[in-house]
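Me: I have a model open and want to talk it through. Can you take my questions one at a time?

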Amino acid sequence: MTYQPNVYEAAMQRLKVVFERFDYVYVSFSGGKDSGVLLNLCIEYIRKYAPDRKLGVLHIDYEIQYRQTTEYVQQTLKDNRDILEVYHCCVPFKVATCTSMYQPYWRPWEESERENWIRPRPEHSYTAADFDFFSDDLWDYDFHFLFAPWLFHRKKCRRLCCLVGIRTQESFDRWRAIYNDKNHRYFSYHKWTHRIYDHIYNAYPIYDWKTTDIWTANGKFGWSYNRLYDLYYQAGVPLNRQRVASPFISQAISTLKLYRAIDPDTWGRMLGRVNGVNFASIYGNTIAMGWKSITCPPGFSWKDYMHFLLNTLPEDARKNYLEKLDVSIRFWRKHGGCLGEATIRKLQKAGILFTLGDTTAYRTRKKPVRMEYLDDIDIAEFKEIPTYKRMCICILKNDHICKYMGFAPTRQEKQRRETVINKYKALKNGKL
């Protein structure tokens, strides 16, 4: 019988491949449980098997975070400074916020807000001036993507690998990041790798770990971890909602109120830093912000209610939502959304009129369905169907990007990425 390695052994085997095949490796380290375990795995591997190697660590500092996270990050990097090359980035890129109908984003470490910073900027941190690709239009997820070619050029690498601590158990999006057939892998059998540009790869060594594996490893090996999780556990926060990411994104709004109890000093400073924080902390887990079961007011259709909500918004926010709605309506009319057979049968049973296509430009077995916007539909796949109720939920959640409706980065954002990537390609080839 063939021996099957446990998740720890499998992760160490993957790290062996990475450190043997790539001349520079860095870890994306947020201070959370997953990236913390991945960093500890890398530190252990280097100390045991590659003592001559240095490990890069990218830490994106969002300014507003729990004091426990700041202390954990600082101590971990200090304890291992002999083998780490740290890129502690404090950059005023755009960060989405769902706390306000007026403010779709905020900027950590914004120079004009220096007097209101939650804490002093760490010494020896990297700022916007260090990155020639930085612009005022840059979002945080763009920065993550563009940092790799910047570092590739800086280190004059042949091959560079970014290690990311995502696990498929966490969400379908993360499962798709691993198993997506569009991924270009380092080798076809290394499904845990993903080429993001020429000679630059992401790797996910702990993609098959469960949450229990994370905490088992911390306990068994005595690894340090963010003690914020102990406080979350004592506060009764479910495991799937224990996050250390930006506190203003949609997934974190329901636990925003915990700042008041866990880190009151930071909470007091947050109130004057980002619009709508106090309101979101009070109502973030209620129907007032699109959570739980929202209902349509008597005498309204969902389309009427959507227009009522839009009329309460400032002009810029209203225009943004209407543009997203227009794009979505045209998409469903012209191209159609890809739906599974079970969902299509439910639409047929409900008497919904639609046109079923045979082929789609997307690599999927699902069929394209062209249809008009509905007011509402009561099926489990509600999020997949174009309805005005779905738009109402986006507005209530202050989801300015309309991520709930499946919107991805815009064409302009993708073009900006490609422009910067091409710039580094030219630099590498000595054409600039």
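Me: Where is Ser328 found?

Reply: Ser328 is found in helix 12. Helices (H or I, at least four residues) and strands (E, at least two) are DSSP runs, numbered from the N terminus. This is a predicted model, where local features need pLDDT of at least 70 and side-chain atom pairs count only at pLDDT 80 or more, while totals for chains, interfaces and linings use all residues. Residues are numbered from 1 along each chain as its sequence is written, and side-chain values use heavy atoms, with hydrogens and water left out.

Me: Is Ser328 buried or exposed?

Reply: Ser328 is buried, with a relative accessible area of 6%. Buried means under 20% relative accessible area, exposed over 50%, partly exposed in between (1.4 Å probe, protein chains only).

Me: Which residues is Ser328 in contact with, leaving aside neighbours within four places in sequence?

Reply: On that basis, Ser328 is in contact with Tyr373, Arg390, Met405 and Phe407. Contact means heavy atoms within 4.5 Å.

Me: How many bridges join strand 9 to strand 11?

Reply: Three, and strand 9 and strand 11 (residues 367-370) run antiparallel. Gly337 has Val369 in strand 11 as its bridge partner.

Me: New topic. Which residues touch the most other members in the largest nonpolar core?

Reply: Leu41, Cys89, Phe131, Phe143, Phe147 and Leu163 do, in a core of 86 residues. A nonpolar core is a set of buried Ala, Val, Leu, Ile, Met, Phe, Trp, Tyr and Cys residues joined through side-chain atoms within 4.5 Å. Helix 2 (residues 33-49) gives the largest share of this core, eight residues.

Me: And what lies apart from that core?

Reply: Another core, of 35 residues, including Trp332 and Tyr373.

Me: How many helices and strands does the protein have?

Reply: The protein has 15 helices and eleven strands. Of its 432 residues, 50% count as buried.

Definitions and conventions. Pairing = 2+ DSSP bridges.
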